[in-house]
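I opened this structure without having worked on it before, and I kept these notes as I went.

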Amino acid sequence: MASASAPLLDDDTIEFGDEEEINPRSYKHPYVTFFHLFFRASALVTYLLCGWFSNSFITSFVVIVLLLSLDFWTVKNITGRLMVGLRWWNYVDDDGKSHWVYESRKV
């Protein structure tokens, strides 16, 4: 079983922080902004209005947890990278030691 000492990037990968141009008149990433707000707002609306749609606590709980999980995934993987310029991950080396890698956008 072979394992890498660090996550490998393909040769055609764009350098982190070099993938966008600045346009001050509009949102840089309108779809990312929409989903960033959609998952949070829909979880909140579902929480506030779950009594009108269902009397089942389990159904409401599962839907809210799924929406908040999608929100977390979006913030960690997409919003953090494109809008804020942060990304992070964890990998385990051959000795079984866990390593956390944090990166920020180049200024």
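**Entry 1: a charged pair.** I count a salt bridge when a side-chain nitrogen of Lys or Arg lies within 4 Å of a carboxyl oxygen of Asp or Glu. Arg40 lies in helix H1 (residues 30–53) and Asp71 in helix H2 (residues 57–84), so the pair ties together parts that are 31 residues apart in sequence. Side chains of opposite charge can pair when their charged atoms come close. A search of the whole structure finds one salt bridge.

I then asked whether each partner is buried or exposed, taking buried as under 20% relative accessible area, exposed as over 50%, and partly exposed as in between (1.4 Å probe, protein chains only). Arg40 counts as partly exposed at 42% relative accessibility, whereas Asp71 counts as buried at 10%.

**Entry 2: what I am looking at.** I note that this is a predicted model, in which local features need pLDDT of at least 70 and side-chain atom pairs count only at pLDDT 80 or more, while totals for chains, interfaces and linings use all residues. Residues are numbered from 1 along each chain as its sequence is written, and side-chain values use heavy atoms, with hydrogens and water left out.

**Entry 3: the overall layout.** The secondary structure of the protein chain comes to two helices and two strands, and from the N terminus on the elements run α-α-β-β. Helices (H or I, at least four residues) and strands (E, at least two) are DSSP runs, numbered from the N terminus. Of the 107 residues in the protein chain, buried residues make up 20%. The chain exposes about 8900 Å², of which carbon and sulfur atoms supply 64%; these areas come from the Shrake-Rupley method with a 1.4 Å probe.

**Entry 4: helix H1.** Which residues of H1 are buried? I found Val32, Thr33, His36, Phe39, Ser42 and Ala43, and what covers the buried residues of H1 includes H2. H1 bends by about 45° at Tyr47, where the bend is the angle between axes fitted to the seven residues ending at a residue and the seven starting there.

I also looked for aromatic pairs, which are rings of Phe, Tyr and Trp (its six-membered ring) with centres within 6.5 Å; planes under 30 degrees apart count as stacked, over 60 as edge-to-face and the rest as tilted. The structure holds eight aromatic pairs. One of them joins Phe34 and Phe38, a stacked pair with 5.6 Å centre to centre and 20° between the planes. Both residues lie in helix H1, four residues apart, about one turn of the helix. An α-helix has 3.6 residues a turn, so residues three or four places apart point the same way. Phe34 counts as partly exposed at 47% relative accessibility, and Phe38 counts as partly exposed at 38%. Ring pairs link Phe34, Phe35, Phe38 and Phe39 into a cluster.

**Entry 5: helix H2.** The buried residues of H2 are Ser60, Ile64, Leu67, Asp71, Thr74, Thr79, Gly80 and Leu82, and they pack against H1 and strand S1 (86–92).

Ile64 is buried, with a relative accessible area of 15%, and is in contact with Ala43, Thr46 and Tyr47. Ile64 and Tyr47 are 17 residues apart in sequence and 6.8 Å apart in space, C-alpha to C-alpha. Thr74 counts as buried at 5% relative accessibility, and its contacts are His36, Phe39, Thr79 and Gly80.

H2 bends by about 45° at Val75, and just after H2, Gly85 takes a positive phi of about 90°.

**Entry 6: what the record says.** For "transmembrane region" (unreviewed entry), UniProt lists residues 55–73; such annotations may be inferred rather than shown by experiment. In the model, the end C-alpha atoms of residues 55–73 lie 28 Å apart, and the span is 89% helix and 0% strand.

Note on methods: Contact means heavy atoms within 4.5 Å.
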